[in-house]
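Hi there,

Here is the structure I promised to pass on. Have a look at it first, then read my notes below.

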Amino acid sequence: MEKRLLHIHCQTPQGLEGLRQAAYFCRRIRALLTVYLPLSDKFLVYFENDVVQIDLDGGCLAPVEAARDQVETLASQAGAKLDFFVPRHFTSASLPDIPADFDFMCSPPPTGRRGRQTARGRTGHQIQRILRAARYPLLVPGAFHTPWQRILVLFGGSANAVAACRLGLSLARQARVPLEMLTQAEGGTRDEYREKWKAAGLAGALEDGLQQWHFSHARRFEESLGAVPADALVIMGAFDHISIREFFHGSKLKTVCAVLPNSLILAGPRGATEI
Amino acid sequence: MPIFTPRRTLANWNFFRADDRLLLIVIALMVGICSGLAALALNRSLAAVLTWLHPYRGQVWAFVLPGVGAALSSLFLNKVVNEGAGHGVPEVVYAVSRHGGLLRFRSSYSRLISSFLTIGSGGSAGPEAPVVMSGAAIGSNIAKYFSLNDRQRTTLVGCGAAGAIASIFNAPIAGMVFAVEVILGEWSARNIIPIAMAAVAGTEVSRILQGNQIAFEYRHFDIHLVDIAASAGLAVAAALASVLLTRALRATHRLSGLLVVPAWVRAALGGCLVGLIGLRLPVVLGEGYHAIDEMIGGHFASGLLIAAAAALAKVLATALTLGSGGSGGIFAPSLVIGSLVGLVYHRALIWIWPAIGLVNEGCFALLGMAGLISGMLQAPLTGIFLIVELTGGYETILPLIIVSTIATTLSHYFEPASYYLRDLVERGQLLRPGTDRRVLTDMSVREMLETDCVGVAPEMRLREFIEVVKRSRRNYFPVSDPRSGIFLGIVYLDDIRPYLFDPLLYDAVVVGQFMHADVQVASPDDDLHEVLRRMDTERRFSMPVVFNGRFLGMISKATLLDRYRRELMVQTHWR
């Protein structure tokens, strides 16, 4: 059965940009683009051990027929197979339930003035909750749609980064694009990172499939990110640490979101989709 | 490699994992304490604000107070915490039914604040349902913190509800019974022990912080046979009143939905109307426990007609408050209306038959409360134990049982489900543990897929098809377009029987000629209950599963039965 990506449609310029990127992603990996046309400004996603309320801006609520036409046009332009998700269960009349059994989810459009202004204010509380609870990775659209021609994995050696590597390998194979990797040395050597591949059983696959490994010795992570090509889909693990550590050391994810304009795939601690 | 990997959750600690049942009891105590504190916080703040506003109640302008409170409550729920309005018990039951008791963290405080605004300003509603919602959400989120499984989480949701009810009424047995009878719908040893512990903890919190008081002063009633006989008539009156209240609540909710104004304006309008009623009949304002105490004590001064008008006015005020978007529950209004119904019934009987020799009218007020609660919740045990514990006496137990059971039975005749559960029943979402529908809901079409079917093309000749049949272990063969992969129909082995013994047809007939093109199909996202119903209607033992036009596999009753049995064993284990 083909993989499915859930996209929450929002009838705003940012929302349509997200839809374009989601449709392109689906075409590349031959997944089914499943679009939910919101019925109300909030909905619930029930995960295994958490329920997350997603709040949407009023601008996301467009007349269903008009939105449907627009989604169909954009999906057909991108060459993606399309399906619409219609909720069957409701926690209360204005609170539909969205199942958590998709294979990917496109991150919901940012809400609030600050979120809209930054365009990539993508690591808000909602997204953190989804990433921590979901069994699927999250596609976070970039500021502008750039057809990606390669996949780049940010690998720092953590358990989530290993999951991101696995996901990168699968996606690169599926989309038939080269796989690259970026590692900030942080005092380690290439061999030490290779040992981590080996421990995760990825050594063989990465030796064969990895086209380029950017091994950066830059002092600041922002400088290392300069090596990321503009036409790359960036994959990284997210929220593999507790918030206190994030408070003291800062979050790499936030840095990536602030610096890179690329589309991102974030794999949370509950694992990544097997393709 | 890191030398120290922090444990992600407390639940992973060996100390907590030594014995799951012990763990559940310890956490249940925590949940009971937290939900008890939440209930107490709302109760004390309501008492404070009602006392503070009391001197102003007589002023003409005071009719706007419930309107302002309801509007603020609506704004808080819809704009600040962005949560749907309502008292929340159906949401708790829905979460227990469908999602293993998962509730949002915001629910643990949102209804406390919104109902404080509604009831404190004079709206006709009770704080019990909001504290149940709050306690249940506390239980759910503590379970989430400890990474407990669905069954343990559901139990803790019940613990939260039990702790809250036990604390607010100082009534541990009523808390336990309510949690099991209304929230969980399942009596099992696995649930009862933690719920009992939570009820004890909630009650003890209440006793430590505000003393061991019963809600209504204890009075001794001498019950005779004539009172027991008369209580049967009261049960009928209480059942009718509960049906009236249920329908009034639904009607005002429907009517207020027709007003094309923001939700907070609707709530304000409803609140102001309640305020206007309250100017003439103050008994309709707020929880109304003071009036109940007067009725039980036999000090309710108003006459028969005024009491009857007050009962009707309280029904209207409650419907206006909750139906227009105010926040609160129906427990307290039901108690007030029930006591008024009991009082009116007693006085009417005395008026018709002065020599009847009934017990004091306070006793009938008590019985009326039990009848209304039982009729509204369709939960007789909750009604009985609540009233026994609220009044601290067992003398009335026999008429209480009669009133509660008859009122429950009669109201069920008019309303197929309780006020809390009716919406869920209508939406087909009430899935009680151990029921057929619940077992089916916990399985999915995707899990049942049999993918070892051999697909064929419509152009395939019979001769080739017979070769396929020889290799296959199945009696059905999906037909798909070889170019697009689109599912076209299905061939059952029985369909080719007429052609099998005529070799002349082997090269003359193709699959497309004998396949079933208009076959019923299932989608992987369909509910199994619905799929099974369609299979029964079609008298089929199996059905193709098609997604996005492509054949995925078959679903069969044999596989379903096998999985059903396993799921039932899982669900009923440890009962």
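This is a predicted model: local features need pLDDT of at least 70, side-chain atom pairs count only at pLDDT 80 or more; totals for chains, interfaces and linings use all residues.

Leaving aside its neighbours within four places in sequence, which residues is B:Leu112 in contact with? The list is B:Ala38, B:Leu42, B:Pro130, B:Val131 and B:Ser134.

You'll find B:Leu112 in helix H5 of chain B, which covers residues 107–120. It counts as buried because its relative accessibility is 14%, and the cut-off for buried is under 20%. There is also a spacing to check on screen: B:Leu112 and B:Ala129 sit 17 residues apart in sequence, and their C-alpha atoms are 9.5 Å apart in space.

Look for it in helix H10 of chain B, residues 225–258. With a relative accessible area of 10%, B:Ser256 is buried too. Its side chain reaches the backbone oxygen of B:His253 at 3.2 Å. If you skip the neighbours within four places in sequence, B:Ser256 is in contact with B:Arg266, B:Gly323 and B:Ser324.

Next, two loop residues with a backbone angle to look at. B:Ser147 has a positive phi of about 55°, although it is not a glycine. You'll see B:Ser147 in the loop between helix H6 (128–145) and helix H7 (150–169) of chain B. B:Asn170 also isn't a glycine, and its phi is positive, at about 55°. This one belongs to the loop between H7 and helix H8 (172–184) of chain B.

So are these two buried or exposed? B:Asn170 is buried, since its relative accessible area is 7%.

On to the place where the chains meet. How much area do chain A and chain B bury between them? About 2,400 Å², with 45% of it on carbon and sulfur atoms. In case you wonder about that number, the size of an interface is often given as the accessible area lost when the parts come together. The contact takes 27 residues from chain A and 28 residues from chain B.

There are four salt bridges across the interface of chain A and chain B. One salt bridge to zoom in on joins the side chains of B:Arg446 and A:Asp101, at 3.8 Å from N to O.

Which elements give two or more residues to the side of chain A that touches chain B? They are strands S3 (42–46), S4 (51–55), S5 (81–85), S6 (90–92) and S7 (95–98) of chain A. The residues on that side of chain A divide into 14 charged, nine nonpolar and four polar.

Last, some notes on chain A as a whole. Chain A has 10 helices and 14 strands. Of its 275 residues, 57% are buried. Take the contacts in chain A between residues at least 6 apart in sequence: 78% of them join residues at least 24 apart. The accessible surface of chain A comes to about 11,600 Å², and carbon and sulfur atoms account for 51% of that.

Cheers

Key
Residues are numbered from 1 along each chain as its sequence is written. Chains are lettered from A and ligands numbered from 1 in the order in which they are written. Side-chain values use heavy atoms; hydrogens and water are left out. Helices (H or I, at least four residues) and strands (E, at least two) are DSSP runs, numbered from the N terminus. Buried means under 20% relative accessible area, exposed over 50%, partly exposed in between (1.4 Å probe, protein chains only). Contact means heavy atoms within 4.5 Å. Buried area is the accessible area (1.4 Å probe) that two parts lose on being put together, summed over both. Ala, Val, Leu, Ile, Met, Phe, Trp, Tyr, Cys and Pro count as nonpolar, Asp, Glu, Lys and Arg as charged, and the others, Gly among them, as polar. Accessible areas come from the Shrake-Rupley method with a 1.4 Å probe; for residues, only the protein chains shown count as cover. A polar contact is a pair of N or O atoms within 3.5 Å; within protein, one must be able to donate a hydrogen and the other to accept it, and residues adjacent in sequence count only if both atoms are side-chain atoms.
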